[in-house]
Amino acid sequence: MTVLAIDIGGTKIAAALVDDGTLTHRAQVPTPQTSAQDAWQATAALITDTLSVGEVEAIGISSAGPVDLGAGAVSPVNIAVWRDFPIVARVAELTGLPVRLGGDGLCMALGEHRFGAGRDAQFLLGMVVSTGIGGGLVLDGLPYDGRTGNAGHVGHTVIELDGQRCPCGGRGCVETVASGPAMTRWARAQGWAGADARELAAAVGENDPVAVEAFRRGATAVAAMIASTAAVCDLDLVVIGGGVAKAGPVLFDPLRAALADYAGLTFLRDLRVVPAALGSDAGLIGAGALAL
């Protein structure tokens, strides 16, 4: 069964035809930030063009959050022109097809669970460590939306009681310590002269002490968050993707070392943390699975 998958983000909007986890056609456009109508017209044109390639039976949408499943609406933090935008109704009206909406973290987790690194797990946290930190949960083999569709927002787990203000409005969120920009800001405040998280990861490979400490701090914050989430949800696997996660051992080695210190309960000792397998297509593949 072929479905249409849509992945809505602040930088790009992507669409694909998906057949059993395989992308048979893919296209994307930059996300307009000028007006709500401009963003919708770009999305509608992308959908129409993709549907001209092949017939589909349903549509799945992965969107940056927050989302409102009850209203079928999205208010992505990184698309300022869309607030309570009725994406489900607009897409259904355009196509005449059934539409299912999910947060981008949920779709990433579902994609990895069905077709990627999490195929042997029943209780899974999928997360992205990049410009921000997002996540989604698969519990007992099923995607878990929560009350509003925003379950799994692990980037806003509080790990510092008196920490910095977060763009979400809270304080001390893991995102304020462990996102790529947060680690870069901290390193620059300590005198490091690089520009971004990619350069910071490269500096770790050169044993720059500030870069090593920046990644250690970020990895420790992520480990504390994982231990807390795993204790609440009784997880057996955490799958991590995103730009910062591409640093590989630079992130995963200190993360696993810190996790061994935080995850003290006996039922957490077999918790595995692995890199994502689907890369930037995980959201589209998960949206396709959600449509089914």
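**Entry 1: a term to settle**

Before counting anything, I noted that a polar contact is a pair of N or O atoms within 3.5 Å; within protein, one of the two has to be able to donate a hydrogen and the other to accept it. With that in hand, I looked between domain 1 and domain 2 and found three residue pairs in polar contact, both residues at pLDDT 80 or more. I keep in mind throughout that this is a predicted model.

**Entry 2: the chain as a whole**

I went to the overall build next. The protein chain has nine helices and 12 strands. Its radius of gyration is 19 Å, close to the 19 Å that the globule rule gives for 292 residues, so I can call the chain as compact as a globular protein of that length. Along the principal axes, the C-alpha atoms fill a box of roughly 55 × 40 × 30 Å.

**Entry 3: two domains**

I looked up the domain assignment, which gives domain 1 as 2-106 + 281-291 and domain 2 as 120-275. Their centres, taken over C-alpha atoms, are 26 Å apart. How many residues does each domain bring to the contact? Domain 1 gives eight residues and domain 2 gives 10.

**Entry 4: the interface**

The size of an interface is often given as the accessible area lost when the parts come together, and that was my next stop. About 710 Å² is buried between domain 1 and domain 2, with 54% of it from carbon and sulfur atoms. Which residues of domain 1 lose the most area to domain 2? They are Leu 69, Gly 105 and Leu 106, which together make up 60% of what that side buries.

I then turned to charge: one salt bridge is counted between domain 1 and domain 2. I also looked at the pair Arg 100 and Asp 145, a salt bridge whose closest N and O atoms are 3.4 Å apart. On the side of domain 1 that touches domain 2, the elements giving two or more residues are strand E5 (67-68), strand E7 (99-103) and helix H3 (104-115). By class, that side has four nonpolar, two polar and two charged residues.

**Entry 5: around Asn 150**

I stopped at Asn 150, in the loop between strand E10 (142-144) and helix H4 (175-178). A polar atom of the Asn 150 side chain lies 2.8 Å from the backbone oxygen of Val 67. Setting aside neighbours within four places in sequence, I find Asn 150 in contact with Pro 66, Val 67 and Asp 145.

Is the peptide bond that joins Gly 65 and Pro 66 cis or trans? I found it to be cis, with omega about 5°. Pro 66 belongs to the loop between strand E4 (59-63) and E5.

Over the whole structure, I have four salt bridges. In one of them Asp 281 pairs with Arg 26, the closest N and O atoms being 3.0 Å apart. Asp 281 lies in the loop between strand E12 (272-275) and helix H9 (282-291), while Arg 26 is in strand E3 (residues 22-30), so the pair ties together parts that are 255 residues apart in sequence.

Last, the backbone at Asp 20. Most residues other than glycine have a negative phi. Asp 20 is not a glycine, yet its phi is positive, about 55°. I located Asp 20 in the loop between strand E2 (12-19) and E3.

Key
Residues numbered from 1 in each chain as written. Predicted model: local features only at pLDDT ≥ 70, side-chain atom pairs only at ≥ 80, totals over all residues. Heavy atoms only, no water. Domains from an automatic or database assignment. Contact = heavy atoms within 4.5 Å. Buried area = accessible area lost by both parts, 1.4 Å probe. Salt bridge = Lys/Arg side-chain N within 4 Å of Asp/Glu carboxyl O. Helix = DSSP H or I, 4+ residues; strand = E, 2+ residues; numbered from the N terminus. Nonpolar A, V, L, I, M, F, W, Y, C, P; charged D, E, K, R; others polar. Rg over C-alpha atoms; globule rule 2.2 N^0.38 Å.
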